[in-house]
Amino acid sequence: MQRNLKIKLFLFFFQLLTAIVFAFLFPRLTLPFGFAYIIYLMTKPLTVLLTTGSKKQRFLFFLLLFAGVIFSLLPIFAAFYNLDTDFSKFTDQLPEIEKQLQDKYFVFKVYVFEKFGYRLNADPVSFVVKKLESSGILLLAKIPNYLSTFFEWILLVPMFLYFFFFQSQNFGSRFLRSIPNSIFEKTYVLFSQFNTKFGEYIIAKFIEATILGTLVTLGLLIIGFPYAFVLGFIAGVTNILPYIGPIIGFVPALLVGLMSNDPNVSMFAMGLIYLISNLIDMVLVFPLLVSKVVNLNPIIVVVSVIVGGQLGGVVGMIVIIPFIAFFKLLFQEIYKDLSVQL
Amino acid sequence: MSYERDIMNKGQNSENLTDRLDVPLLKYLWEASPLYFGKKDNYHEFFKKISVLSSFSDNEIRLFTKFLHRREFIADEVIFRQGDSGYGFYFIFEGAVDIYANHLNSNPDDRGDFVIRLDRRQYFGEMGLLEDFNRRSATVVASEHTVLLGIFKPDLEKMLEHYPVLGAKFLRETALIMANRMGQLTREIMSLKRKLKEVEQRI
């Protein structure tokens, strides 16, 4: 009897391992699958409201939701329109920016020569520009690849979304049935906790990024700083990365400020806006939304983000946090069990 | 509001009863009816005869069964051990289980002293569903081929989120089970104390 139970346990772990290996071997399937899963988790709370309550309540909620989506999409479309204009303005101004940087570097070279008698031979500006150009050419060469990936995602993401919304319950119960009795309770509870934590984390980070992006954009618009929409968008997106994100998000604004000749552009005011926005995020938004979901030590978070970046790039940096929170739960459970046995 | 009451209210207000044919519901109601002579061993029949869930309406039982997990155990298979973390509450759908307590931690094969045998329609493990860090107070072993219907913490949370009235009702029934067990325990302690006093007086 014990032998049969052991075989069942072995087969379950073998099945699990095969799924993990498959996921690593076929990232072209795993990434859209993961993306669809994130969308599913984000929209899951809405499905509860859409499936429960009386018919009138559900209809009213649906109407409110529809109106909400339309009203929230309008400013996003407006922002994207501005984003596009900002980006084209930036590309148009690139030669001018290069010339300005060359001039500034020349002044610096002359200053170093006069002061220290040392002639600077390096030409970092040309180096950076050449690098940018070559990466631009590389980007152009990669466009067909990106397009094919984009079309693949257009096809795959809705397909996976359909699976999550309509088939996942069936698949989930089949998966649960395959879990051996000896580990069922713990696996099921941990799996559910991970799902909840992951969903809550993604929603919390999305809201946090939107709030920060909006704050930065509004602030920059008020002081008349150029590329407010692009910079706000970058600040929001990079904010998804814990601790390192705000610094990365600040760098483009710093570069734009340094390169600008406009006397109205105040670096101090820009810095203050980033500081205030990040302070609001740190003091209000993060403790209220995110820290309740992932109760992790800041050092562990920073180390995890670096490890996640090494393993899976930007996606790895984002998803590593809920995974670490899950492993913390798992180790706590194991530790509790061991302490009882001892 | 229960399904039956909803239907009744709609009837009284001369509203349309339903605008689409709910095949799974019709199938369920047919299987639950006394005219159905097919497999009588369905979940509805089973839960109707469990006293603690007697206050549940037919539709509530139908919804409740959606949250259950069917687990099959072979004879002599351990369901859980004393000291394990507990997350679930089980109903015995088929077969029987033996409960053992006071086992020795040092010996994994030791099950402890036999306490009681539970049969079909009996239940165990309700503390696991309610307590935050529950440790199983006894070892439970399947005495024959056994089918259990289990409900676990995540299911209860889901039930409270999707069907709050049903969730609250189930929690009330679970609390009643625990209150009964507590009452039983108190009576046993009282009786033991009385016996201890008698022994002390004799000495």
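1. Let's start with strands 2 and 7 of chain B: strand 2 and strand 7 (residues 139-142) pair in the antiparallel sense over 2 bridges. Here two strands count as paired if DSSP finds at least two bridges between them, and strands (E, at least two residues) and helices (H or I, at least four) are DSSP runs numbered from the N terminus. The bridge partner of B:Val78 in strand 7 is B:Val141, and that of B:Phe80 is B:Val140. Please keep in mind that this is a predicted model, in which local features need pLDDT of at least 70, side-chain atom pairs count only at pLDDT 80 or more, and totals for chains, interfaces and linings use all residues. Residues are numbered from 1 along each chain as its sequence is written, while chains are lettered from A and ligands numbered from 1 in the order in which they are written.

2. Strand 7 of chain B also has strand 4 (residues 97-101) of chain B as an antiparallel partner, over 4 bridges. In that pairing, B:Asp98 stands opposite B:Val141 of strand 7. The whole open sheet has 4 strands in the order 2-7-4-5, with antiparallel pairing. Strand 2 (78-80) and strand 5 (113-118) of chain B are its edge strands, each pairing on one side only. From one strand to the next the twist averages 30 degrees; axes are lines fitted to C-alpha atoms (for helices over the stretch in contact), and angles run from 0 to 180 degrees between N-to-C directions.

3. Chain B has another open sheet of 4 strands, with the order 1-8-3-6 and antiparallel pairing. Strand 1 (69-73) and strand 6 (123-124) of chain B stand at its edges with a single partner strand each, so one side of each has no neighbour in the sheet. Strand 6 pairs with strand 3 (residues 88-94) of chain B in the antiparallel sense over 2 bridges; there, B:Phe91 has B:Tyr123 as its bridge partner.

4. Which residues touch the most other members of the largest nonpolar core? Of its 35 residues, they are B:Phe64, B:Tyr90, B:Val140 and B:Leu148. A nonpolar core is a set of buried Ala, Val, Leu, Ile, Met, Phe, Trp, Tyr and Cys residues joined through C-beta atoms within 7 Å. Buried means 20 or more other C-beta atoms within 10 Å of a residue's own, exposed 12 or fewer, and partly exposed in between, with C-beta atoms placed from the backbone. Strand 3 of chain B gives the largest share of this core, 5 residues. Leaving aside residues up to four places away in sequence, B:Leu148 touches B:Arg71, B:Phe73, B:Tyr90, B:Phe91, B:Ile92 and B:Phe93; contact means C-beta atoms, placed from the backbone, within 7 Å.

5. Chain A has 9 helices and 0 strands. Of its 342 residues, 17% count as buried. Residues 24 or more positions apart account for 68% of the chain A contacts with a separation of 6 or more.

6. Where the chains meet, the contact takes 17 residues from chain A and 17 residues from chain B. On the chain A side, helix 5 (181-223) and helix 9 (298-341) are the elements giving two or more residues, and helix 5 has the largest share, 7 residues.

7. A word on confidence: the predictor gives the complex an ipTM of 0.73 and a pTM of 0.68. Chain B averages a pLDDT (the predictor's confidence in each residue, from 0 to 100) of 82, and 84% of its residues score at least 70.

Methods
Two residues are in contact if their C-beta atoms, placed from the backbone, lie within 7 Å.
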